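Here is a report on a two-chain model. Look over the sequence and the structure first, then read on.

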Amino acid sequence: MSEQEQFTEIALESGTFASRTTKKFAQRKLFEKQDPKVIKAKIPGAIESVSAQVGMSVYTGDTLMILEAMKMHNRIKAPLSGKVKVIHVAPGDKIVKGQVLLELE
Amino acid sequence: MSFTSRILDFFKRKSTVSLGGGEKAISKQKAGGKMTARERIAALLDEGSFHEYDLFVEHKCQDFGMADKELAADGVVTGSGTIGGRPVCIYAQDFTVAGGSLGLMHARKITKVMDHAIKMGVPIIGINDSGGARIQEGVNSLAGYGEIFYRNTLASGVVPQISVILGPCAGGAVYSPALTDFVFVVDNISKMFITGPEVVKTVLGEEISMEDLGGARVQAETAGNAHFFANSELECFAQIRKLVGYLPNNSRAKAAMIEAKTPKASYKIENLIPKDSKIPFDVRDIVRSLADDSEFFEVQELFAPNAIIGFARINGETVGIVGNQALFLAGVLDIDASDKIARFIRFCDAFSIPLVTLVDIPGYLPGSDQEHNGVIRHGAKVLYAYSEATVPKITVILRKAYGGGYIAMCSHHLRADFVFAWPTAEIAVMGPEGAANIIFRSEIMAAANPEEMRKLKVQEYTDKFANPYVAASSGYVDAVIAPEETRTYLVHALQLARTKEESRPDRKHGVPPF
């Protein structure tokens, strides 16, 4: 073992240690709090139709748009009641997983 | 028919069936860089030792035009032979026959040789190279898989079970290897997954190649399903032969003792430890400085490298080595390392292989990623496995042994038979920085220069508690020893523990945190 090797600093509860990292460690995702007002696509697909309009009041469970994925029409529903602030997509748009579709106020 | 013609007829039948799927299929198999089932068996076992059974077994399927189809030996070669003179049972799926697909008779041949291995008390080796279930045989094919999984479970802890993945092994088929003790994979040849790239694409829109989804490297490095990775089939067979040499034939036997050898002079323990305690060292070098002929046969080398497991011999006796590897992630216990260590401990315990644990652990890996994926239940496996094990357990604390990590790494409290600590050991409730921050919080906050005071208090804590003597004063460490004395202590402890007897409360079985 050469003592000249450049190690990474690993911070732990018991202190900071010089060491190497692993691929999994480098690729781990840091936790992000999900904002329920920001509606994201859970699966990739295409927007079939959009029934929500900016400024419209919606109630929990209302269908906002239809996302076609795996040959199925998936209703994207309002998780809570509120006003539609922004619509980020239009019919025909190809959607990737995690893409923001709509925001409520 | 005359005697001679009957003999000639027998040889003709034998040679026809032995050709498997025929020359065309064989050349296709070879074009893919793969050996045939029979070539594999011949290369793995001692020369000329293979005895085949059930060569003339035929499938019974009548549906989908199968009635007229002849499938040589029903796509699997089974039998027994020797490795290094030691008997083993073996089967190898023949991809040249209907893609090695598993039908009822194919499965029966496998379960028959498995039953044989259990009854005779010898290791069972399965070479997997199959497209999966033989769809024409319907639910009978599934029955075949189920019977194999059941036997894998029966054989678990009775005879060593080795799986070799030399081709595709997909869908339900993956669960036989997963139930066995050691899985071997070869780069570019082995492919293992529950659902293949096509389904993944349809369902998730995820585009991923077979290699990236479940190739040999992924299984050995990321998923941890494979224990040994090789670049060629021949290298893989050499690894299997080596492994078998370390193991006993069954759980009633002890692994064979071989002539003791001293470690090589190049692995002098005093020279391996860095002067600066902040610099990590390769714990495998410490193993080599203690093991006969400095030989360490590492298991799951690529997976969770922050912990090491493997086999070595000390004074001629096979031992299982477990160690924290400070070279990666400072040697923390995380989910993967816990799984890796716990399964290995249970294997060694089942097959009467003494455990030597080398401790240098700063604690557990913090973070939502670990907590949300269940580091609590995975970490608990290590505690369970060490506590449950009744084989001789010897622990050597090299440097850090903090908090829960100290307890988990085969401490006195989990019934290590011997706990030795080097003078460099730091056995404490937590690392000096963390401990000082808590104990001296008010003094640090009240100081004119808190940072200065913090440093002072960390030093104070280090001087007083970051050593082996506090634990030794309570009898939690049996002996503080100089690093160069370690092998002598291990040799003696193993000698003493050879007649160890320890029992556990009567029960059907425990309920480990799987």
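This is a predicted model: local features need pLDDT of at least 70, side-chain atom pairs count only at pLDDT 80 or more; totals for chains, interfaces and linings use all residues.

What is the strand order of the open sheet of 4 strands in chain A? The order is β3-β10-β8-β5, and the pairing is antiparallel.

Next come the pairings of β10(A), which covers residues 100-104. On one side, β10(A) is joined to β3(A) by 3 bridges, and the two run antiparallel. Lys40(A) has Val100(A) as its bridge partner. Ile39(A) faces Leu102(A) across the pair. β10(A) also pairs with β8(A), residues 82-87, again over 3 bridges and in the antiparallel sense. Here Ile87(A) stands opposite Leu102(A).

## The hairpin of chain A

β1 (residues 8-12) and β2 (residues 15-19) of chain A form an antiparallel pair with 5 bridges. A hairpin of 2 residues links β1(A) to β2(A). Leu12(A) stands opposite Gly15(A) in this pair.

## Chain B overall

Chain B holds 21 helices and 17 strands. Its C-alpha trace spans about 100 × 55 × 45 Å along the principal axes. Why does a radius of gyration of 26 Å agree with a compact globule? Because chain B has 514 residues, and a compact globule with that number would have a radius of gyration near 24 Å.

## Domains of chain B

Chain B divides into domain 1 (3-246), domain 2 (269-429 + 467-497) and domain 3 (432-465). The C-alpha centres of domain 1 and domain 2 of chain B are 36 Å apart. Their contact takes 10 residues from domain 1 and 14 residues from domain 2.

Which helices supply at least two residues each to the domain 1 side? They are α9 (216-223) and α10 (233-246) of chain B. By class, that side has 4 nonpolar, 3 polar and 3 charged residues.

## A helix pair in chain B

α17(B) packs against α19(B), residues 450-465, at an angle of about 115 degrees. The axes of the two helices are 8 Å apart. Is the crossing right-handed or left-handed? The crossing of α17(B) and α19(B) is right-handed.

From α17(B), the contact uses Pro432(B), Glu433(B), Ala435(B) and Ala436(B). From α19(B) come Arg454(B), Lys457(B), Val458(B), Tyr461(B) and Thr462(B). Together these contact residues divide into 5 nonpolar, 1 polar and 3 charged.

## Where the chains meet

How many residues of chain B are in contact with chain A? There are 28, and they touch 21 residues of chain A. Three elements of chain B give two or more residues to its side: α7 (197-204), α14 (368-372) and α17 (432-439). By class, the chain B side has 16 nonpolar, 8 polar and 4 charged residues.

Definitions and conventions. Residues are numbered from 1 along each chain as its sequence is written. Chains are lettered from A and ligands numbered from 1 in the order in which they are written. Two residues are in contact if their C-beta atoms, placed from the backbone, lie within 7 Å. Ala, Val, Leu, Ile, Met, Phe, Trp, Tyr, Cys and Pro count as nonpolar, Asp, Glu, Lys and Arg as charged, and the others, Gly among them, as polar. Two strands pair if DSSP finds at least two bridges between them. Domain bounds come from an automatic or database domain assignment. Axes are lines fitted to C-alpha atoms, for helices over the stretch in contact, and angles run from 0 to 180 degrees between N-to-C directions. A crossing is left-handed if the near helix is turned anticlockwise from the far one by less than a right angle, and right-handed if clockwise. The radius of gyration is taken over C-alpha atoms; the globule rule is 2.2 Å times the number of residues to the power 0.38.
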